[in-house]
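Thanks for making time this morning. I would like to walk through one structure with you, taking pockets and charged contacts in turn.

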Amino acid sequence: MDIPMSWLKEYTPVTADLKDFVEDITLTGSKVEGYTSVAGSIKNIVTGHIKAIEKHPDADKLVVCTIDAGQGKDLTIVTGATNVRVGDFVPVALDGAVLADGKEIHTGALRGVTSEGMLCSVEELGCDRHDFPDAPENGIYIFPQAVELGKDVVDLLDLHDDVVEFEITSNRPDCFSILGIAREAAATYKIPFRYPEITVKEEAAGCAEDMVKVDIENPALCPRYVARVVKNVKIEPSPRWMRKRLRMAGVRPINNIVDITNYVMLEMGQPMHAFSIETIKDRHIIVRNAKEGEKITTLDGVERNLDPSMLVIADPEKAVAVAGVMGGENSMIVEGSEAVLFESANFDGPNVRITAKKVGLRTDASSKFEKGLDPNLALEAVNRAVQLVELLGAGEVVPGIVDNYPNKRTSWELSYSPEWINRFLGTDISEKQMQEIFERIELKVDPVNHKVMVPTFRPDLEAQADLAEEIARFYGYDKIEATLASGTPTVGKKTYEQAITALVKDTMIAEGLCEAMTYSFESPKVFDKLLIPADSELRKTVTISNPLGEDFSVMRTVSFNGILNSLATNYNRRNESAALFEIARIYIPKALPLTELPHEIPTLTMGLYGNMDFYDLKGIIEHLMHVLGMDKVTEYVPDKSYSWMHPGRTASVVIHGEKIGYLGEVHPAVAKNYEIGTRAYLAVLDMEKVIAHANRTVIYQALPKFPAITRDIAMLVKEDVTVKQIADIIKKNGGDYLEDLKLFDVYQGEQIEAGHKSVAYSISFRSTEKTLADSDIAGAMEAILKGLAEELDAQLRDK
């Protein structure tokens, strides 16, 4: 925000030079981005009087002027301007002068005639016709009356000012104004702050309450709406002092009525709007939500599409303004308007920001409203506006105010403890000093009960820590000595869930996998790519309301699309093999449309291709289960339920009867969709279930004292019998001495009957109390063989 120093000093008598002011105000919390000296580069341009004009001897479009510029001698200046006359008083750039754009002027010859300077237009002085409405559209600026010759034009036209650019944080809406910064400057320098004295004469006939009616249909989005009426309006340029202040603050002057609303917005931080009252049907203002499909053409001539989330100012027939953003073309003020209605309202900040973004129109007004303004400012602002109307002779104010303020905002109390503040800041500031600082920033202090009353224009003061910050700001950060932090030390450690997750990552890396990171946002087209059925619950996603594009428009419900994309990238870049893993979340909505946050499930996803296959992937998972203490209770069950996996090469990972994930080969059609031209493998584990079943308890056992007895058996079984079925029967019938069993051979060939396979196991028996004899295990072996024969129709092979 640009603050002209001359305007600021009207409300607080700052005497510090500009450099010191910038440093001091920054140290008290109002950060300065930079500062400029307007017209500071202009030099050696003075007033002059045209004594004679002659035609140029060698140029039809040039004339030669004789100028008295108060230099002790007349100057000869050649110009192409057609609007100069003998007797005019004009700005003259002397030899060595510097214009507003930095261009230097020197004596030189123009078509054979020496020109000792240049006559200036307002543009060459850094201004335009909005600053000087009497200036010609093209030509030299002519002073409207006689002026002292040789006088500096910058001083005469009051062009000079220092402008400071502030970067105001969004939690300080009160500082988005001249008065707000003036209040901060007064507190910084301990000098008086003079609030403008606002009085309104109300000389017009009638009563505002009889001329306009205001209804607020949505007080949550419009807490307050204040209106005043002005009759006999005269539309004309604003006086020079107002145009200058607006220009210095970065606002282009337009006409007196518009300039007044902009002036009040800059001065007090309250955006305003003015309507031509005869354009309001039945003179009835309705603050309501826009209707579906409603449109409005704003003052910039652009038609805007509205929706019901937006707030509009309307009459019974139409919208006349987008609340907090811009007025409508259908209610603009024109010459001859019967009366003008000045609006000063308060709108919900987040709603204004969303509306401005939707309609693609961010204005000075919307940028202020979206910070969250004080509704108590609205009445003062509208009174200030009509006061300026009377001051400028722009109209007559109708008595009375229409003020719709259903839920008044009041001041609030905060308690403070001087001891706590000193301990918090590491200072030794007296209670009296603290109370003095509170009073400087307009907090009413109750020293007995240690309470302050916070004015409504300071929404940032919510807790004692905020009061401590105010003390630190104005006591001086540079005065606070550095101290060591104090506190009770604690032993930091990872939670159980974090420790298990870290162990899983370490195990994956030890197995040779590289960690990947993929997007949580995906395209809904992913489901077709993965062959997920149209009626699958996985297609019910959380949809992003403002996505970067369709490819990032939903939250993922499956974790492996990103891994498959990464495998595809590696494959297409001719990497012979790749093995990746990721621990990330999937997002499962509890209900649609969303009424609460989705269930976020952390998921371990592994993906690989190349010199690895199903059994390598299964081995990685088996090792992980061993590390997590779950290998003895983990089972692998064939599973055909996943449409994106190969139906004959996929298994579920089951612990205690609960499925915790799956592994297997990617369906060939899915691999083709991802342009992976070789077999690819995936494993997906639910980390919530993995963590719940993990057993990190380690039980140590003594080394065996007695030898084991080993028996090898080979059998013929049907080829659809799984090794798990065989192992389960052996375990069930193996008795108390059964220690271990290992599959060491699976064979299918010419010597084996079609539809069958040969399976061979090594079975170990051991006792912790004695050396076993053949007779000790004979019963167990007989039970094993009988169980295999009865349940699986297994035939024992002799050879």
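This is a predicted model: local features need pLDDT of at least 70, side-chain atom pairs count only at pLDDT 80 or more; totals for chains, interfaces and linings use all residues.

Residues are numbered from 1 along each chain as its sequence is written, and side-chain values use heavy atoms, with hydrogens and water left out.

Let me begin with the pockets. A pocket here is an open set of points on a 1 Å grid over the protein atoms alone, where a 1.4 Å probe fits, with protein on both sides within 12 Å along at least five of seven lines, and lining residues have an atom within 4 Å of a point. The volume is the space filled by probe spheres set on the points, which are joined across faces, edges and corners.

The largest pocket holds about 1,700 Å³ of space. It is lined by 44 residues, of which K618, E622, Y636, V723 and K724 are the closest to its centre. Elements giving two or more residues to this lining include α17 (614-627), β32 (634-638) and α20 (723-733), where helices (H or I, at least four residues) and strands (E, at least two) are DSSP runs numbered from the N terminus. Which element gives the largest share of the lining of the largest pocket? That is β37, with seven residues. By class, this lining has 18 nonpolar, six polar and 20 charged residues, where Ala, Val, Leu, Ile, Met, Phe, Trp, Tyr, Cys and Pro count as nonpolar, Asp, Glu, Lys and Arg as charged, and the others, Gly among them, as polar.

The second largest pocket has a volume of about 880 Å³. Of its 37 lining residues, V258, T261, N262, H273 and L299 are the closest to the centre. Helix α7 provides the largest share of this lining, with five residues, and the classes come to 22 nonpolar, eleven polar and four charged residues.

Together with M332 and V334, L299 makes a nonpolar surface patch of about 240 Å²; patches are made of residues with over 30% relative accessible area and no salt bridge, nonpolar side chains being joined within 5 Å and like charges within 9 Å.

Turning to charged contacts, a salt bridge is a side-chain nitrogen of Lys or Arg within 4 Å of a carboxyl oxygen of Asp or Glu, and the count by this rule is 47. R247 and D131 meet in one of them, at 3.2 Å from N to O. Because R247 lies in helix α6 (residues 240-248) and D131 in the loop between β10 (117-119) and α3 (153-156), this pair ties together parts that are 116 residues apart in sequence. R247 is partly exposed at 30% relative accessibility, whereas D131 is buried at 2%.

E370 and R362 form another salt bridge, with the closest N and O atoms 2.3 Å apart; E370 is buried at 14% relative accessibility, while R362 is exposed at 55%. Finally, R172, D174, E184, R458, D460, E470 and R473 are linked in a network of salt bridges.

Definitions and conventions: Accessible areas come from the Shrake-Rupley method with a 1.4 Å probe; for residues, only the protein chains shown count as cover. Buried means under 20% relative accessible area, exposed over 50%, partly exposed in between (1.4 Å probe, protein chains only).
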